[in-house]
Amino acid sequence: EVLSSIGFAHRPDPGTLGFEPHAGLTPIGYLAQIGFLEASPTLVHCVKVSDDDIRLIARHRCPVVTCPRSNANLSCGVFPWKKFVEAGVSIALATDSVVSAHSLDLGAELATAFERYGPDFDLGLGLEWLTAGGSRALRRPVEVIRPGCRVDALAYVNLTSQATGGT
């Protein structure tokens, strides 16, 4: 299995495709048209998407990775997470790069998600995206920590405090 991913649809500029598309052709629509979505690639950003784009992503079972600090710092807009959740798309929360997010701090990424995604975004959803969503985006088995299980490493960070500004 070949893992493919592409950062797409985070800017409204039609030049993202490298050519001037015909009216109504979105970057996601173009990927579907050329058959790229058939492999269910992991799509990164997906901020500037239409409802039809989200349906295409869901139909092709493409996981989506959101990087809220990068999107904020580059003024790309806000990831329409509720629409993706409603469509049944698997979402991962991640950092983009130190160029656009200034660090690879997942706690800061989660805190920014709380700031940008509104009151319906909660810690349970954030942790789901950081763990199981990340595993699905990387095509890895979703592991569950249970009593008696063996792990290579485990770190606990108080993400609630970082995300809510508490201590």
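**From values to terms**

Mentor: Just after α7, Arg139 takes a positive phi of about 60 degrees, although Arg139 is not a glycine. The model is predicted, so local features need pLDDT of at least 70 and side-chain atom pairs pLDDT 80 or more, while totals for chains, interfaces and linings use all residues. Residues are numbered from 1 along each chain as its sequence is written, and side-chain values use heavy atoms, without hydrogens and water.

Trainee: What makes Arg139 count as buried, partly exposed or exposed?
Mentor: Buried means under 20% relative accessible area, exposed over 50%, and partly exposed in between (1.4 Å probe, protein chains only). Arg139 has 27% relative accessibility and therefore counts as partly exposed. Its place is in the loop between α7 and α8 (159–164).

Trainee: Which class does Arg61 belong to, and why?
Mentor: Arg61 is at 70% relative accessibility, so it counts as exposed. Arg61 lies in the loop between α2 (51–59) and β3 (64–66), and its phi is near 55 degrees, a positive value in a residue other than glycine.

Trainee: How do you know how the span of α7 compares with the expected one?
Mentor: The expected span is 1.5 Å times one less than the number of residues. Helix α7 (residues 123–137) has 15 residues and reaches 19 Å from its first C-alpha to its last, close to the 21 Å expected. The helix bends by about 35 degrees at Trp129; the bend is the angle between axes fitted to the seven residues ending there and the seven starting there.

Trainee: What joins the side chains of Asn71 and His45?
Mentor: They are joined by a polar contact of 3.2 Å. The term covers a pair of N or O atoms within 3.5 Å; within protein, one must be able to donate a hydrogen and the other to accept it, and residues adjacent in sequence count only if both atoms are side-chain atoms. Asn71 is in helix α3 (residues 68–73) and, at 2% relative accessibility, counts as buried.

Trainee: Why is Thr112 assigned to its accessibility class?
Mentor: Thr112 has 10% relative accessibility and so counts as buried. Its place is in helix α6, and a polar atom of its side chain lies 3.0 Å from the backbone oxygen of Ala108. Leaving aside neighbours within four places in sequence, Thr112 is in contact with Pro68 and Arg69, where contact means heavy atoms within 4.5 Å.

Trainee: How many aromatic pairs does a search of the whole structure find?
Mentor: The search finds 10. Rings of Phe, Tyr and Trp (its six-membered ring) pair if their centres lie within 6.5 Å; planes under 30 degrees apart count as stacked, over 60 as edge-to-face and the rest as tilted.

Trainee: What kind of pair do Trp81 and Phe121 form, and why?
Mentor: Their ring centres are 5.8 Å apart and their planes stand at 80 degrees, so the pair is edge-to-face. Trp81 lies in helix α4 (residues 81–86) and Phe121 in the loop between α6 and α7, so the pair ties together parts that are 40 residues apart in sequence.

Trainee: What kind of pair do Phe121 and Trp129 form, and why?
Mentor: The centres are 5.1 Å apart and the planes at 55 degrees, so this pair is tilted. Phe121 and Trp129 are both buried.

Conventions: Helix = DSSP H or I, 4+ residues; strand = E, 2+ residues; numbered from the N terminus.
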